[in-house]
Structures are given as structure tokens and as C-alpha cells.
Amino acid sequence: QVRLVESGGGLVQTGDSLRLSCAASGRTLNAYAMGWFRQAPGKERTFVAAISWRGNTHYEDSVKGRFTISRDNARNTVALQMHSLKPGDTAVYYCAVGNDIATIKTNPRAWGQGTQVTVSP
């Protein structure tokens, strides 16, 4: 069973940058897609970004050009570099793993516990 642990969240100001990390343990995830989701207060959890085991990426439209997802297969980690943060990016950010980049958006196999990102005006 895979275990995902996120880190790197915090309180920042509009325009700042933040880097989230997710460490996976329990099994090697080289053949799986990994992704990030977020859940704002009072809203459903939504897709942010995903990366295939080959390194192909896919982003939600509102974060394109501002967020970059990357992975280190040797270390079983995935990161989300966030730039030009806005108050609308405030949410709990969750790491996820899925079978592939196409299905992780709707059918992730596992979640982390989440890390809070708060962007002040």
C-alpha cells in the first residue's frame, strides 16, 4: 500500500512562490502517474496538475504558466513549484497517484493527507 506525505505548504503573500513536495513510500511509483489536487474552503477537491511516469504533464487552465509539476523517480517524489500565487490559490493541496495521466484526474488510487497553502491579498 502506497503512502503519500506532502510538505511545503504555508502562508505567503500575493505574487510569492512556494514549492510543495510529496514523498511516496510503500511501493515504487515509477510506472504510475502522480498529481496534485486542491480543495478550497467550502468547495470540492479539484485537479491541479499531473505528470506521467515518462514526464508528460497536464495542468488545469488557471495554473498554466504559473505552476510546474516535476518528479524524481529515483527518490519516489513529486513536486509542485508555484509562482505568482493568488488568493484564489488558497486551498489544501493533496498529492495523488494514479494509473496514468488520463485517469488520475477522475480516478486517483491514493491520496496524501494534504498541506495547507494560504495566499494573503
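Is tyrosine 94 buried or exposed, and what is its relative accessibility? At 12% relative accessibility, tyrosine 94 counts as buried, where buried means under 20% relative accessible area, exposed over 50% and partly exposed in between, with a 1.4 Å probe and protein chains only. The model is predicted, so local features need pLDDT of at least 70 and side-chain atom pairs count only at pLDDT 80 or more, while totals for chains, interfaces and linings use all residues. Residues are numbered from 1 along each chain as its sequence is written, and side-chain values use heavy atoms, with hydrogens and water left out.

A search of the whole structure finds 3 aromatic pairs, a pair being rings of Phe, Tyr and Trp (its six-membered ring) whose centres lie within 6.5 Å, counted as stacked with planes under 30 degrees apart, edge-to-face over 60 and tilted for the rest. Among them is the edge-to-face pair of phenylalanine 37 and phenylalanine 47, at 5.7 Å centre to centre with 80° between the planes. Because phenylalanine 37 lies in strand S4 and phenylalanine 47 in strand S5 (residues 45-51), this pair ties together parts that are 10 residues apart in sequence; strands are DSSP runs of E, at least two residues, numbered from the N terminus. The rings of tyrosine 94 and tryptophan 111 also form an edge-to-face pair, with centres 6.3 Å apart and planes at 80°.

Phe37, Phe47, Tyr94 and Trp111 form one aromatic cluster, in which phenylalanine 37 is buried at a relative accessible area of 3%, whereas tryptophan 111 is partly exposed at 35%.

Note on methods. Helix = DSSP H or I, 4+ residues; strand = E, 2+ residues; numbered from the N terminus.
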